[in-house]
Each structure stands twice: as C-alpha cells, then as structure tokens.
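Here are my notes on this one, as numbered points. Have the model open while you read, and start with the aromatic rings.

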Amino acid sequence: MATSSLASSTSPSQVSPPAPPLSALGHEQVAFCHDKATGLRAIISIYTTALGPALGGTRFYPYATEQAALWDVLRLSRAMAYKNALCGLDHGGGKGVIIGDPAKDKSEALLRAYGRFVESLGGRYVTACDVGTYVADMDVIAKETRFATGRSEANGGAGDSSVLTAFGVFQGMCASAAHVWGSPSLAGKTVGIAGVGKVGHLLAGLLLESGARVVVTDVNSSVVQALREQHQEIDVAADVFELVRSDLDVYAPCALGGALDETTVAVMKAKVVCGAANNQLVTEGVGGTAEALMKRGITYAPDFLVNAGGVIQVSDELHGFDFARAKHRTAGIFEATASVLRVAADRGVSPATAADHLAEERMAQVGSNRIWLPTR
C-alpha cells in the first residue's frame, strides 16, 4: 500500500529516516534550489513524467533539517504520481518544498526566486498550493513562471479548490454506498464528519441535499457553530471518540491525517470510510490499517483518490479554467472509486492496495522509460 502512506499530511514529521538513494525510490529528477539574495532554500522533486508534466503543490514548512525536507518531498512527489494517475490526469507526480517558517521567512522576493527555479524546469514541474502556501502566493510565483496553478480568479486561475474537493469526496462516497448497499443514494444514511473546515462544511451541505443525516465534530467549536447556523438539522458529537462509536453508516475523516488508528478501526460501527483528510491510514503494509478495515468488513475509499478534486481543478487551469469542465472531470471520481472497489473485491486485496496497482498499471501503459520534455 505504497500510495496511501505517502499522501500529504498537515504536519510533516520533524524526525525522518535517512532518504534512500534515488535509484531505489525510482524518482526521475530532484532539484536543490538556493538563492543567496533572498535566502531561498527549496527542493523540487519529480517522481515521474511518464504520463505528462509533473503536477503537485509547494509546501512551505520549517523542517528541522534539509534531510527531513528531502524525505518529505520525495514521498509527497511519489504520492502525487499515484493520485494523478488514478484520477485519470495526464500528469506525472511532482512536489516542491520551501524550507523555512512561512510566518517569518515568506516574502515576495523569495517566492519570485522560487518561481524562477520552477520556470527553469521548462514545464516539467507544475506547482500549486500546499501546506504553508496559498492562492496569493501562487499569484506571486506566477509573476516569474508560466507553470503555477491555484492562482486567483483575478489572475486567470481557479481560486479556492474546496468546492471540487468536497464534490469529489461526495462522488467517492456515493460509489462506496453503491458497492456496499447496492445503491449510490445516501438518503437515510447517517454520515459522521470529523472536521468541518472548508471542505468538511461543503461536504455536509452536499450530504444534507442528498437526504443523509449528518453528525459532525471539530476541535474548533466556532466552525461547528457556524455550520449549525446554516443547517440546524445537523447533529453534533462531543469529539471524534464519541463520533466513531456512534451508529454511523459512513465515517468521513476531513481533518488531520492519521485518522484511522488501531483503536478507531476496532470500535468503528460505520461500514464505509470516505473522507477528505490525507494520510488516513496509520500503519501500512501487510497487517496494516487497510487490512484491519477489510477484516472488519469496512469499505475504505482511498483518500488520495476521493480527495483528488483539488488537483483536477488546478490541472484544468493549464487549459484555461472552466469550472463546468473541471466539475465534470471530478464527477469521474465516482467511477474511479467503483473500479478500485471492484478490483479489490476481485483480487481479494484491500482498496488501498488495489488503488496502488491500478495507478501503477496506468503509469506503465505508456512505458516506464518515457521522460516528458518541454515542447519547443
């Protein structure tokens, strides 16, 4: 289950193991970027361009060491390759990390220097927002490169990607419902959402429109209050501990990673897990979290697939953003999820493993030796 464990998280570990040689990981290119004038220290990692230019966000984070930054960008770029392949995009996987505290070190000059490094790759890497970077930052980076997405609408971009991220998770949830209960309808089902920030609160609205009962929790009581002011019919659980033990049909982790630990899986009553949070599985590999879910008869919709609406949106910017077109493509997450669940059932493996296999098969279709080159 290589991919699920590689998905982006909101708080990268400060203690990272030594990164193995690139030949062992299979990365195509890694660029170390330093600009003395601005203090920029960054790393851009391209896992593969077999399907097309590498696409993935830039993370701005105060890594304890350069080694920690390297390890993070290597695993995140690989995760993006799997995500892009699985959701049908003609993009390889890439990621950038800027080493520093965004609250203290971020400046227009530094971001523009980073943009010049992105531009120097000639389009082999296309960047977007990630932890510590925002739409306004992409607008600045785009002053120096043609290959920055996630820009504001005023600057030709798509703006906030939360709408399509929530829509994609909803599609994955409907596909999971069809797999488990024989119908894609969520009417009458009880869905528990842990985390009702930008994506979670939009997902709640979609679920209510579909006729589902919604129960929510969030460590930030103000966002729960704001949501209930919009939708008084929503129920509130005291915390995640209470939520996962309640009589849910679907559990939707939409906050931090690591939502599916051993204890949570053991007590969960839901038959489906489908949420927007990255890196939900705590333990990977044989005997890991995905297999524990499978043994309990719980269907897991791989997070890196169902939350792909955001990357689908920013990829559409490269063709002149059209919301209807991007939404139509995001709707394809339904069939992609259904396919993963069918393959998992047919092969007797977890959906996480099946998702990895399908992504690898698509990347291999065009030949593993292909390297995407800029058109002249």
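**Notes on the model**

1. Aromatic pairs come to 2 by the rule used here, which pairs rings of Phe, Tyr and Trp (its six-membered ring) if their centres lie within 6.5 Å, and calls planes under 30 degrees apart stacked, over 60 edge-to-face and the rest tilted. Tyr61 and Tyr63 are edge-to-face because their ring centres are 5.1 Å apart and the planes stand at 65 degrees. Both Tyr61 and Tyr63 are buried, where buried means under 20% relative accessible area, exposed over 50% and partly exposed in between (1.4 Å probe, protein chains only). Phe321 and Phe323 also make an edge-to-face pair, with 6.5 Å from centre to centre and 75 degrees between the planes. Phe321 has 25% relative accessibility, so it counts as partly exposed; Phe323, at 38%, counts as partly exposed too.

2. A word on ground rules: this is a predicted model, where local features need pLDDT of at least 70 and side-chain atom pairs count only at pLDDT 80 or more, while totals for chains, interfaces and linings use all residues. Residues are numbered from 1 along each chain as its sequence is written, and side-chain values use heavy atoms, with hydrogens and water left out.

3. Two charges sit over rings, if you take that to mean NZ of Lys or CZ of Arg within 6 Å of the ring centre and within 35 degrees of the ring normal. Arg245 lies over the face of Phe241, 3.4 Å from the ring centre. Lys327 has its charged end over the ring of Phe167, at 5.0 Å from the centre.

4. Have a look at Arg59, in strand E4 (residues 58–61); helices (H or I, at least four residues) and strands (E, at least two) are DSSP runs, numbered from the N terminus. Arg59 counts as buried because its relative accessibility is 0%. Its side chain makes a polar contact of 3.1 Å with the side chain of Asp72. Such a contact is a pair of N or O atoms within 3.5 Å; within protein, one must be able to donate a hydrogen and the other to accept it, and residues adjacent in sequence count only if both atoms are side-chain atoms.

5. Tyr82, in helix H2 (residues 66–86), is buried at a relative accessible area of 3%. Tyr82 and Leu305 are 223 residues apart in sequence, yet their C-alpha atoms are 8.8 Å apart.

6. Just after H7, Gly211 takes a positive phi of about 95 degrees.

7. E7 and E8 pair in the parallel sense over 5 bridges (pairing needs at least two DSSP bridges between the strands). Val191 stands opposite Val214 in E8, and 4 of the 5 residues of E8 are buried.

8. Last, Thr49 sits in the loop between strand E2 (40–48) and strand E3 (54–55). Thr49 counts as buried, at 0% relative accessibility. Beyond neighbours within four places in sequence, its contacts include Glu28, Gly92 and Trp372. The side chains of Thr49 and Arg124 make a polar contact of 3.5 Å.

Notes. Contact = heavy atoms within 4.5 Å.
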